[in-house]
Every structure is written in structure tokens, then in C-alpha cells.
Amino acid sequence: MLKRLLNHLNHKKLNDERYEFLFGDYPEDEVIVFDTETTGLNPKKDEILSIGALKIKGNKILTSEKFELFVKPSCDINEESIKIHQIRNIDLQNGCEPLDAIVQFLHFIGARPVVGYYIEFDVKMINKYIKPLLGITLPNRQIEVSGIYHDKKIKFIPEGTIDLRFDVIMKDLGLPIFGKHDALNDAVMTAMMYIKLQNISKI
Amino acid sequence: MSMYDLEAFLRSIHPFQLLSKQEIGKAIGAMNIAYYKKDTTLFSPQSSAEFLYIIIKGEVGEYYEDELIKVYSKGNSFDADALIYGKSDDSFVVLEELICYELKKVDFLTLLDSNASFKAYFIQDLANKIQSAKQKEYTTELSGFMMARVQDSYLHEPTIVEKECSIMDALRQMEHKKSSCIIVQNGDDYTHGIVTDSVVRRHVLFNEYDKNAAIGPIALHPIITIEVDDYLFNALLSFTKHSIKRIVVTRKGEIVGILEQLDLLSYFANHTYLVAVQIRKAETIDELKQASFDLINIIKKLHAKGTKVDYIAKLISEINEKIYEKLYHMIVPKELWHKACLIVMGSEGRKEQMLKTDQDNALIIDDDMDASVYEPYMKRFTEVLIDFGFPPCEGNIMVSNAYWCKPMREYKKEITRWCDMPSMEDVMNLAIFFDALCVAGEAKMLAELKASIFERTRGQDVFMANFAKAAVAFETPIGMFTNLIANNNKIDVKKGGIFPIVQGIRSLSLQQGIEETDTVSRIKELIHKGILDEDFAGALAEAFDTLLNLRLKDRLARSASGTAFDNLIDITALNQLELELLKDSFKIVNKFKKFLSHHFKLSMVS
């Protein structure tokens, strides 16, 4: 009830009617998985460097309709973060302007629920751009894979602490880990986690 | 999976590596990842296939009616036939929770149309399919060297001069091009000759030949050549065989460069050539023994590197022949050398022996000689070979046995006897003798005896049918639905396939008067004579190679674990590709048996 109310309030703040579709209908069996690479972990001052997103339809990850964009940052990326995501300044020379990237991203996801691993952070990063642009925060329903994992796992070890590290979950679910971490790669792996979790009742 | 990883993954799956960068990009762009629970039926005769599936993780079973006929796992793709022909006789069911890529039918068919070799893999006939799978096996398993072709190696620019060119001038050109030898063309009695440093040294420095005179007369000829697209390994065999240091490389007969032994050896850490030199230079039996042991080490190393087995077999033959020859020269007094002919028979004669095989040798002695003179030498010969590690022949087919060490006229008598009213033993004696190869002494004697075999058997249809009958004596271990018939998961590949092919080809070669001794060359001759159809013969040669390969692989595994050799291979140890190849090979063996039955009218003899 509260969620609906908040959503309603959020909707009212939308200042550009071209983005009504974010509140519209979507194909029932579809969700979006997305991941961002950023200059750091502080949504207030850090910026998005790349966005990777995929549609999941039923039990299929539609890699043939993938979304992957690199974003030009407003200033040079610092050395420390380059070491983590391995996106160098030169890799972003042909990146798009942040606002263009966000607009394309919103059109890709539509009103579908968004799935991610620690998705709260990624959504905050997106909100940082759309709040000034459209007056709203991302209205899509958010699904946290580590949350689903936690809930399924906790049934069997009610007293225990559950290791929610990405690679640990992948391994526990018996999923193949692919190559390096980048936004799209992580989105594919997160998508696998999501589908697998949808298909099993216990871990 | 990022684009890069996905591309690498796809390229690791045969035949996707045949696609161009653009094509593979297209394929990747069109693929989705799907998840299926255990027991899901992906498609069946009732529901047609929509995708080419490529397994990322999990297992899928292919069922014909209720029988599981094949299991696909990580990296396998299926089922091209169902997409190409629009239907499938089999059902594909998830055996273990599956994550896979799906390539839509239309995108797959578009790829087939855009790339001919990719298409050929899926549509081509069997021989090509096996070949193409093997080629892939080579490239992944073999060290670069073994697969490398002559053109992949560094080739020195050739210095080519006319015969009238002065020696000095030719040397200057050679210096300028930094070549190591000079090719002389259009000589008086040769088209190409070669002049090396040592030739110049010998003629100009020692024999004071005029350095300004024409180079033509001092050139050595004929020259040894190899084609650019031949395997480097064959160049190595040639170096070993001829004891030379460089070989002239040709493309369709035109000289394009010089391959230096040093360049080749720098690739090839095991220095096979050195063993050949060691054998050539050995002056005592002990030195020769040392060389023969070194050879065994090299074979182990070659195998560890994953070298194709028939190359190993060729190498063993080439070097064993040298050992035999050298030993013959060491043991038998010089004046007796050319009054006799030392032969190797059976698998050694066919150059198909693997690892250490039993001795199968014999001596043919000139009718003018007293045969007993050779007796002590031959006894010694057998003893030394046993000491070198060649196991004695169980059937006592060795020069130390008087039956296999006798004058020519006695062999002639035996040949006559073998051919009239033969027993099974006579047939086998004739068979191994027919495969004989001369390794030392007077080769003409063997040629004469072989001619008499051809003469005896020509037009003898009943004899030929009895001879060929052995080829169909054993059942091929494959059932109606191309399922392998194994006993405790073991299959006898010799009875099941190797022997039928060897004996069948031997029978056809005997009938056609073909002198080659190894099975593959015999098959080529049979094509040439129009007896075997080229496509079928190609498939037969591939099947033969496959069976030998699987047997050697099994034997080497056993030699590592110390268990005894036999011809049984364990099918649970084979991978999916090997099982496929084995089945396909047995299918070809069955087809060949049908051909033999018809050709020799085997139904007429019992």
C-alpha cells in the first residue's frame, strides 16, 4: 500500500510526459537485469562509466538484445578505480554523453522490473541522473538476487549467517563464471542467478 | 559473458573456428542464453527443432525411441541435421540441468550459406567429416611443430644460377643473399643440382678446381625436394632418411626456398636426426644399442607432445630399418652381404608397427651359396635384436629359425605349396610374406619371389576367395542401429576392423599385382587401378587410421600404467568424438566387407 502510494507520488512528479511509458504496462514474463561500472562507490560524487543490461524472458536471457553503453565522464577517471573496472580514459573517448546514455537506457528497460546484485546502488546511480532530468526516481520494481538467495537459503540454516558474495553465490548455485568483470558480463551472470533461483525451491 | 569471451568460447567449438570474424560476430549477436530443468524435452520427432543448442553447462541425451544413443556435454552443439533437414528421428532430453546458447534456425542456416567450409562440415560425407574432426584434434592437441607445414618454417632464399655461371660469381650471389647453398639449373644431365660449402671445399680447395670455371660440373644431383604444403615432420623424415642438412622446397615443382636442418631442429628439441646419425656412426653393437634406446625415449617424448601416431609409426619404421641394416652389416661378413636378402614382414613390412613389436624377419639366400654359412650369423642377429628390446616372435618367424632362413629355391617351393591346397597357417604365412620389405642385402631376390607369388596366384579365383575370406571371418562389433557391441565395455579393434581392412586390401593387392606393402599406399594404388571408388577408398583409409590411432592411444595409456597390451579398447575411456569416429569406422568396415564378398564371390566358398 505504501509502495503504491510512494509510486503514485513519484509519478506525479514526472515533468516530461514522453516518459510516461516508465509507468505503463510491460510483457508479464520479462524483467531487466542491469549492472553499472562507476568511478567509485559514492553515488553523490561518483559517475557512471558503463551500463550493461539484458532482458530476461521466461527462462531465456536475451543476449541477442543486449544493451551496453560506455559513458564519457566529466573528468578523468582516477587510477585506483581504473584498476578495479579496467576501463581506461581512452576506452571512453567514444563514449556517449551521460544524459544520452540514460535516455537510451530508460527506453530499453521500459516499465519492466529491474533485477540486480546490490541493485540499490545501481539504482541510486541512475537516479542521480534522472532526478534532475525528469523530476522522478526510477519507478521500476526492484528485485535483489542476493535477497532471493538469502531467503531461500535461510529456510535451511535459520540460525546461520549467509555468505552473499557474488562468486560464492555463483558457485553455490553451480553456475559457470565467465571471464572478467564488466557491466555486461556481470549482468549475464546475475541473470543466470535470477533464472536459477526462479527454478529451484531449495538450495 | 562479454563479446570477447563468447567469441573465444565459440571458437573453441568445432567447426565454429572456421567462421570469419564478421560471421562469428553475427552468430554471437543472434544468440540467447537459455536455462532448462532436468527432463525437459528440447525437441523430438513430434516437435521440430528451432535452435542450434550449444552447451555452456549441463548434459543432454539423444534418444532413439527409448534407447539413449548419445550424450552431449559442455562445448558440444546439436543438432545440425535436425535444422538442415527440418526433422529429427531422435528426441533430445535434458539429463542434467542445462544452461546453453541458442542460435535460431534461420540464423544458423544463414551462417551455413555464408561460409562454405562451415557448411561442408555439416553436410559433407563421412570421410571428410572424420578428416575435419581429426584436423581439429591435431590443431588442439599437437604441438605447433608437428602440425606446422614447411611453409610455416623459416625458408632461406635460394640462390639459383645457370650451369655456365662461374663458381666465384655463384659464391658472390650466395654471399649476397646469405644462402647456404647454390642451386644450379639446366645442367648437362639434370634440371637442378646443388652446390654446398662442402662441395666447393672439396673441388676448389682440395682438388684445385678452377674457381672461375663453370659451376655446372661440380653440382650434386638429383636434389632432394619437398613441397611447401607438406608437413615439417615429413621434412624431418627426409633429413633422417637421406642424412642431409638442407632440403630444397618447391611449390608445384617450382623452387621457392631452402629449408635448413638447423632451423628445423631448433623447433624440434628431440633431435631425431641425431639418432639416425648415431646409428650411422655406430661402430660397435653397443653403440647401436644405445642409439636404439635413445629412439625409445624420443617416441615417449613425441607421444607426450601429442604427435599423430602414424608419424610416430613412420619414424619407428624408418629408424628400425636403419638399425636392421646396420646390424646386418655389423654381424654378417662383407663378402656375404649381397648374396642374401634380409626382409621384415607383416606389420613391420607394412610400416604399421607400433611401439615395440615382435620381430617378423627372414633371410633369403642366393641359390649358389651354402645356406649353413649364414646360420651362426642369423642366430646372433636374432639374439642381438632381443637384447635391443625387440621381443622374439611367438610364431618363431625369425631369421634364427631355419624355416625363415633358407635359399631362394626353397622359398619358391614353399610359395607353390602355400598356394596349392593351403591351410590357414599357409594362408597367413603367404600373407605376411607378401607384406615383406627388404631392409638389407640384395633386394632383387625379394622382388623375384614376389613376382613368383603374383604368377602363382594370377587368375586363381578359388585360391583368392579363400585368401580373402579371412577378412570377413570376424563380426564387426556394430549393431543395426549403429550401436557398438562391446563385451564388458571392451571392443576388439583388431578383429573388428584393423585385420579386415589389412587382409581385404592385401587380397585385392595380391590379385591386382600391387607391389606396395603398406595398407594406405595399397589403397591408393587400388584407386588408381579403378578397383576402389575414390570416395569410398578415402573413407576406408580414414577408418583404418582411426582404428590404429585408438589402439595406440589405449596401448600407450596401458604402457604408462604397466598393464599388458592386447587389441581390446575400453569404450568408456573414449570421448564423444572418438566414439563417433569408432562407430563411423565400423560402418565403413562393414561396407568394405560387403564389397569384398561381392568382389571375390565369397558366398561361393565356405
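How much area do chain A and chain B bury between them, and what share of it is on carbon and sulfur atoms? In this predicted model, the two chains bury about 1700 Å² between them, with 55% of that area on carbon and sulfur atoms. The contact draws on 21 residues from chain A and 19 residues from chain B.

Polar and charged interactions across the contact were then counted. Between chain A and chain B there are 10 residue pairs in polar contact, both residues of each pair being at pLDDT 80 or more, and the count of salt bridges between these chains is two. One of the salt bridges is formed by Glu97(B) with Lys196(A), whose closest N and O atoms are 2.5 Å apart. On the side of chain A that touches chain B, β3 (60-70) and α7 (183-199) each supply at least two residues; by class, that side of chain A comprises nine nonpolar, seven polar and five charged residues.

Aromatic pairs were examined over all chains, and the structure holds 27 of them. One of these is the pair of Tyr36(B) and Tyr53(B), which is edge-to-face, with 6.5 Å from centre to centre and 70° between the planes. Because Tyr36(B) lies in strand β1 of chain B whereas Tyr53(B) lies in strand β3 (residues 51-64) of chain B, the pair ties together parts that are 17 residues apart in sequence.

Several backbone features of chain B concern its loops. A cis peptide bond, with omega of about -10°, joins Phe78(B) and Asp79(B), and Asp79(B) is found in the loop between β5 (77-78) and α3 (80-85) of chain B. A cis peptide bond also joins His221(B) and Pro222(B), where omega is about -5°; Pro222(B) is found in the loop that runs between α9 (197-206) and β10 (225-227) of chain B. The loop between α9 and β10 of chain B also contains Glu208(B), which has a positive phi of about 50° although Glu208(B) is not a glycine.

Methods
Residues numbered from 1 in each chain as written. Chains lettered and ligands numbered in written order. Predicted model: local features only at pLDDT ≥ 70, side-chain atom pairs only at ≥ 80, totals over all residues. Heavy atoms only, no water. Contact = heavy atoms within 4.5 Å. Buried area = accessible area lost by both parts, 1.4 Å probe. Salt bridge = Lys/Arg side-chain N within 4 Å of Asp/Glu carboxyl O. Polar contact = N/O pair within 3.5 Å; in protein donor to acceptor, adjacent residues only side chain to side chain. Helix = DSSP H or I, 4+ residues; strand = E, 2+ residues; numbered from the N terminus. Nonpolar A, V, L, I, M, F, W, Y, C, P; charged D, E, K, R; others polar. Phe/Tyr/Trp six-rings, centres within 6.5 Å; stacked < 30°, edge-to-face > 60°.
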